[in-house]
Amino acid sequence: CAEVLLAFDRRADARLVLDAYVARHPDDEDAARRLKELHVSDEPESLSHAAEFFNEQGEAQFMKGKTDHARACFEMALEHDPHHATALSNLATVICQQGDAEGALEILYRAFDASPDDPDILHNCYEVLKTVGEWETAASFLQVYLQRGYGHQEDWDQYDQLMRRLGA
């Protein structure tokens, strides 16, 4: 039964069946080994879920204005998945707000490398680059953000102001 469930990519159900079987037949070494293999192969997936959970908690803390708590959550998310693009981007935003724009840029570089098409990462790159006075590079990121169909009228207005500032 577990093999059939695995064939249909229903890993959680297969694990439940094997758990129940091994509980009734603890002497079946083959079933116990297969169950252990399922648990080991699911670890990266559970780490990803943990990273997503901590990222969501960080976003909730950030919305409440608790940037220290948010930063801790984003850092915990990255402990579980060092390449979690959203957690990287969120951490960079918090670090920039805490006054370390250079550190934020380093983290945003990793986030952008992990997910170059993510609209939030593009916009956060724009915001941090604008903060450090890299107007032309910031304008480039905002331009890509807008060309891909993201943003609202206020983003277009910011782009227009930035272009005027640059004399373009």
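**The pocket and a helix pair**

Let me begin with the lining of the largest pocket, whose residues divide into 4 nonpolar, 4 polar and 2 charged. Please bear in mind throughout that this is a predicted model.

Which residues form that lining? The largest pocket is lined by E59, F62, M63, F74, N90, T93, V94, D120, H123 and N124. At least two of the lining residues come from each of α4 (43-63), α6 and α8 (119-131). As for volume, the largest pocket has about 180 Å³.

I turn now to the packing of α6 against helix α5, which spans residues 67-80. The angle between the two is about 150°, and their axes lie 9 Å apart. What is the handedness of the crossing of α5 and α6? The crossing is left-handed.

On the α5 side, the contact involves T67, A70, R71, F74, E75, A77 and L78. These meet A87, L88, N90, L91, V94, I95 and Q97 in α6. By class, the residues of this contact divide into 9 nonpolar, 3 polar and 2 charged.

Finally, a word on confidence. The protein chain has a mean pLDDT of 89, with 95% of its residues at 70 or more. Where is confidence lowest, and where is it highest? Helix α3, residues 29-41, has the lowest mean, 80, whereas helix α6, residues 85-97, has the highest, at 95.

Key. Residues are numbered from 1 along each chain as its sequence is written. This is a predicted model: local features need pLDDT of at least 70, side-chain atom pairs count only at pLDDT 80 or more; totals for chains, interfaces and linings use all residues. Side-chain values use heavy atoms; hydrogens and water are left out. pLDDT is the predictor's confidence in each residue, from 0 to 100. Helices (H or I, at least four residues) and strands (E, at least two) are DSSP runs, numbered from the N terminus. On a 1 Å grid over the protein atoms alone, a cavity is a set of points where a 1.4 Å probe fits but cannot get out, and a pocket is an open set with protein on both sides within 12 Å along at least five of seven lines; lining residues have an atom within 4 Å of a point. Grid points are joined across faces, edges and corners, and a volume is the space filled by probe spheres set on the points. Ala, Val, Leu, Ile, Met, Phe, Trp, Tyr, Cys and Pro count as nonpolar, Asp, Glu, Lys and Arg as charged, and the others, Gly among them, as polar. Axes are lines fitted to C-alpha atoms, for helices over the stretch in contact, and angles run from 0 to 180 degrees between N-to-C directions. A crossing is left-handed if the near helix is turned anticlockwise from the far one by less than a right angle, and right-handed if clockwise. Contact means heavy atoms within 4.5 Å.
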